[in-house]
Amino acid sequence: DMPIYVAEDSSDMWANPHLFKTDENGKATCIAGCPPDEFSATGQLWGNPIYDWEAMDKDGYKWWIERLRESFKIYDIVRIDHFRGFESYWEIPAGSDTAAPGKWVKGPGYKLFAAVKEELGDLNIIAEDLGFMTDEVIELRERTGFPGMKILQFAFNPDDESIDSPHLAPNNSVMYTGTHDNNTVLGWYRNEIDDPTREYLARYTNRKEYESVPHAMLRTVFASVSFMAIATMQDLLELEGSARMNFPSTLGGNWSWRMTADQLTPAVEQELLDFTTIYRRENTDLVKEEKAKKAFYVAFVLVLGFYFVGEIVGVRFLPAFAWLTVPNPWDTFLMTGASAGLILWQWKEEFVRAFIFPILSFLVVGFLHRWTLAQGIQNSTMTMILPTVIIVIGLMIYYWFTIRALKKNKTENGE
């Protein structure tokens, strides 16, 4: 969760004062905040220094590029807070007691993200676009392709339409029960909404009497068309408002909730698994990785088992290895091809890859086995143990390449 601004006493500010609006002493000449609105007559005075976007533009936005580059070394996804500030931001003269004396100033717009994309490619960025959004901000978000946010707690207005309603959400969005600034679902339901809203929520979610409110809300989030669903742990655990993360615009007492190990019960795990599978939200790359692991073990046990049982009883169970005893090369070719075709037909996707490498390993080992016998070497170490070691090493190499390929695929897909 990346704040759009940094603190005045941060290393970034003091190492790069020329990239901020500062005086000759390196002190901020203007600071960030939000204008007055129906929630606050004086607005919000954040106090962060304002970027000198003209200087950043001349520099090719290198500071932002490096900031994002370092973030994506650590995180898979970055949510940028106060996304609307890239289109226009509220600039307040330094020393002001409130945010009221500020003014709207144009931000860098798409030029910043064009420079980032040219240097770093497509990135998994979520745009925090909550609150009042102008057409210009929406246009900027759409142009970047970044998904916006939808908060289910904001969706239930019994008298009017809400842009956070799941049936209005675009696919390129992220649906939350609530953010860190929201109350827990249970705390919100019991203390922050009225009876008409509760009744509308029940009708909208088709909540039954036996279903808890957090469960109904989570079910609705996962059933939405948003490509990503995010559930807070407090809502999975169905906790009261005392477990909320943050009270906006307050100091102290925030971010103190912690989950204990005993709270994550098998029932909670099963509930999350049910939501994930019913609404087809599995991470396909993780599923493929698990299949690859299972395929590796199945292939290893079957192929190795067939080989050694065959050695013991003197029978070649897999036709692919019949060339070890069949002298005619054409018979060998036909039998190997037939058995390979059978395996390819019977075992698909990861299992195909899992069997191909062991078979190739056995072909190599078979040649080594035949060569040692042809040289008159009867030592069991050379004829049995060494080939076995080669097979095991070969399978380990196969497994390493398989997992590496899956991780590479995840990186290229931005997942």
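**Salt bridges and a parallel sheet in a predicted model**

Arg141 is buried, its relative accessible area being 14%, where buried denotes a value under 20%, exposed a value over 50%, and partly exposed the range in between, as computed with a 1.4 Å probe on protein chains only. The structure is a predicted model, in which local features need pLDDT of at least 70 and side-chain atom pairs count only at pLDDT 80 or more, whereas totals for chains, interfaces and linings use all residues. Residues are numbered from 1 along each chain as its sequence is written, and side-chain values use heavy atoms, with hydrogens and water left out.

Arg141 forms a salt bridge with Asp129, and their closest N and O atoms lie 2.6 Å apart; the term salt bridge requires a side-chain nitrogen of Lys or Arg within 4 Å of a carboxyl oxygen of Asp or Glu. This pair links distant parts of the chain, since Arg141 belongs to helix α5 (residues 135-144) and Asp129 to the loop between β6 (125-127) and α5, 12 residues apart. Helices (H or I, at least four residues) and strands (E, at least two) are DSSP runs, numbered from the N terminus. Asp129 is also buried, with a relative accessible area of 9%.

In total, the structure holds 16 salt bridges. Side chains of opposite charge can pair when their charged atoms come close. Another such contact joins Arg79 and Asp1, with an N to O distance of 3.0 Å. Here too, distant parts of the chain are linked: Arg79 lies in strand β3 (residues 78-80) and Asp1 in the segment before α1 (11-15), 78 residues apart. Arg79 counts as buried at 11% relative accessibility, whereas Asp1, at 57%, counts as exposed. A further salt bridge connects the side chains of Glu211 and Arg219 at 2.9 Å, N to O. Glu211 is buried, with a relative accessible area of 10%. Through shared partners, salt bridges join Asp1, Arg79 and Asp81 into one network.

An open sheet is formed by 3 strands in the order β7-β8-β9, with parallel pairing; two strands pair if DSSP finds at least two bridges between them. Its edge strands, β7 (148-151) and β9 (228-230), each pair on one side only. On average, neighbouring strands of this sheet are turned by 25° against each other, direction ignored; axes are lines fitted to C-alpha atoms, for helices over the stretch in contact, and angles run from 0 to 180 degrees between N-to-C directions. Strand β8 (residues 173-176) is joined to β9 by 3 bridges, and the two run parallel. Met175 stands opposite Ala229 in β9.
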